[in-house]
Amino acid sequence: MTWSPQKMSWLERKFLKLLGECKLHGFIHNFQIDAYDIRYNEIRTFYADFCFPELKLIIECDSEMYHSKDYQKRRDGTRQEILEQAGFTVVRFSSKQILKEREATKTALKKAVGEAAIRKALLPQ
């Protein structure tokens, strides 16, 4: 099975339910972001699992299969660094948080969206 921006992983489907339970709107699944990578002096394309573009907030759903090994963590860290340099805030939730710590995850999610909304309101127009 190859990855496609139109497809949603099993973990992203679970997270989508949490978004619905929180009554959060304005997000886009697999949102495409073109960001400058200073290390290679080039523009790179990334897809955020969930993005609130108006708030410059990215939510990543990290399954153990694709985000737990050292090289995967380094890759995620580099990617996050590039996205943060592009002005985004990146919040990561592990599969354990999404599946077993639902209430705490919903609380953290609402807090992240609220803080992003405050940051947006404070920025000069």
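User: In this predicted model, how far does helix α3 reach from its first C-alpha to its last?

Analyst: Helix α3 covers residues 70-85, which makes 16 residues. At 1.5 Å a residue, the expected span is 22 Å, and the reach in the model is close to that value. From the first C-alpha to the last, α3 reaches 23 Å.

User: Within what arc do the buried residues of α3 fall, seen down the helix axis?

Analyst: The buried residues in α3 are Q72, D76, R79, Q80, I82 and L83. Seen down the axis of α3, these buried residues line one face of the helix, because they fall within an arc of 160°.

User: Which exposed residues does the face of α3 turned away from its buried side carry?

Analyst: The buried side of α3 includes I82 and L83, and the question concerns the face turned away from that side. The exposed residues carried there are D70, R74 and Q85.

User: Which residue just after α3 takes a positive phi?

Analyst: Helix α3 spans residues 70-85, and the residue in question lies just after the helix, with a phi of about 100°. That residue is G87.

User: How many disulfides does the structure hold?

Analyst: The sulfur of C51 has its closest cysteine sulfur in C61, at 13 Å, which is too far for a bond. C61 is likewise in no disulfide, since the nearest cysteine sulfur to it, that of C22, is 12 Å away. The number of disulfides in the structure is zero.

Methods: Residues numbered from 1 in each chain as written. Predicted model: local features only at pLDDT ≥ 70, side-chain atom pairs only at ≥ 80, totals over all residues. Heavy atoms only, no water. Helix = DSSP H or I, 4+ residues; strand = E, 2+ residues; numbered from the N terminus. Expected span 1.5 Å × (residues − 1). Buried < 20%, exposed > 50% of the residue type's maximum accessible area, 1.4 Å probe, protein only. Arc of directions from axis to C-beta. Disulfide = S-S within 2.5 Å.
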